[in-house]
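I opened the model today to look up a few places in the fold. My notes follow in the order I checked things.

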Amino acid sequence: MDDARVLERHTVVMRGGRIVAVAPDAEARVPADARRVDGRGRWLVPGLVDMHVHLDGAGRERDLPLYLAHGVTTVRNLRGTPEHVALRARIARGELLGPTLLTSGPFVDRLPEATPAEQVVRDHRAAGYDVLKVHDREYAPERYRALARAARAAGMPLVGHVPVAVGVEAAVREGQRTLEHAEDLMQTFFAMQLDTARLPALVAAVRGGRACVVPTLVVFGTVARHLAEYPDLRGLMARPALRHVRPALRDAWAPERNPYVLRAHGRAAEAPAIAARLAAQNAFLHRIAGALHAGGVPVAAGSDAGVPHTIPGHALVEEVAQLRAAGLSPHDALRDAARAAAERLPRADEFAAIVPGLRADAVLLDLDPRADPGALADTARSRIVAMSFCEPR
């Protein structure tokens, strides 16, 4: 994933969950007892990374194979509990089939104000969480700054939404590692004004820091499509991609339990105007993602899977398509779903590339993902070749 080139007629040797060799076919030394996978005419790409998921509710472990079925071999859960730390360990031990899991703890802005920021960071680290997640856009600036300082001192990444009173530039300056949701930026930086003239100012505010933006375009795009494509709401629940979603999650996504969609559709006369407004906002979110990428700001793929109608695994594939629609090249969109995402995670030097020494996280595709937008979506013919997992901590 260092550039768009293809290494043709190469053999990849994996052992013990690691890539041990990548060489031209004629030079590859393959052990006689190796299990061979015929990759002729196919494309091997690094396993995808979903930077923003929510593994919520009872039965959440049933969502894990859906990620693998769509080529997603690493996920970052951003609303965690001690159960997620235990789930991470079970995956690492091989007791559960699932992607490598990293997790935040509970939202830090919902903890008692009297708790010192240093104690918040210590408690999260002691509990085994990988990152600290800010969620509340109204988080007090002084509390945010104290938390950011404590996180930097402890070497624990701070991620999440940008509080309105803090602002994007200050959040980047304070060391926030990932800024979640282009929709969030539309609210905090643009105050919901679709002002393309301010896009360079946003790029300038983020560029130069260590921050990466995770736009999750698929979430808002899904809402906009729902209004346009499923006016009776029932069509939402008949989509083929929902057939593998666990029943409890499907029930939670029923239209009558989705107030936002109900409000929009409950006023039939206003539905066209609402749909037009959402379509304009959706187009602006794509402009945000495209401008950030073109301006040199790292962009990583995340799906927000777990929110209504955002299907685990499937939504990340949709997000790659959304990044392409935002103007990214096929190679760059794929890189944002693999290498660019991994570079913002712990132990980034261990995965998201087909390189000797790295984890054997790879997906074998029947279609060229550079030329065919449907290569990743064609999961019926895609296959997970090999996986390995972080060691238990």
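I started with P255 and found it in the loop between α9 (247–252) and α10 (259–266). The model is a predicted one, so I take what follows as computed from it.

Is P255 buried or exposed? I read a relative accessible area of 2% for P255, which means that it is buried, since the cut-off is under 20%. I then checked P255 against M237: the two are 18 residues apart in sequence, and their C-alpha atoms are 8.2 Å apart in space.

Next I went to the strands. I noted that β5 (residues 72–77) pairs with β6 in the parallel sense, over four bridges.

I looked at both faces of β6 (residues 100–103) and found each of them covered. T100 and L102 are buried on one side, L101 and T103 on the other.

Last, I looked up the nonpolar cores. The largest has 74 residues, and the members that touch the most others are L147, V168, L202, V206, I288 and L292. Helix α11 (residues 271–294) gives the most to this core, with eight residues.

Leaving aside neighbours within four places in sequence, I found L202 in contact with V168, L185, F189, F190, I288 and L292. I also noted a second, separate core of 11 residues, including V49, V214, A342 and A352.

Notes: Residues are numbered from 1 along each chain as its sequence is written. This is a predicted model: local features need pLDDT of at least 70, side-chain atom pairs count only at pLDDT 80 or more; totals for chains, interfaces and linings use all residues. Side-chain values use heavy atoms; hydrogens and water are left out. A nonpolar core is a set of buried Ala, Val, Leu, Ile, Met, Phe, Trp, Tyr and Cys residues joined through side-chain atoms within 4.5 Å. Buried means under 20% relative accessible area, exposed over 50%, partly exposed in between (1.4 Å probe, protein chains only). Helices (H or I, at least four residues) and strands (E, at least two) are DSSP runs, numbered from the N terminus. Contact means heavy atoms within 4.5 Å. Two strands pair if DSSP finds at least two bridges between them.
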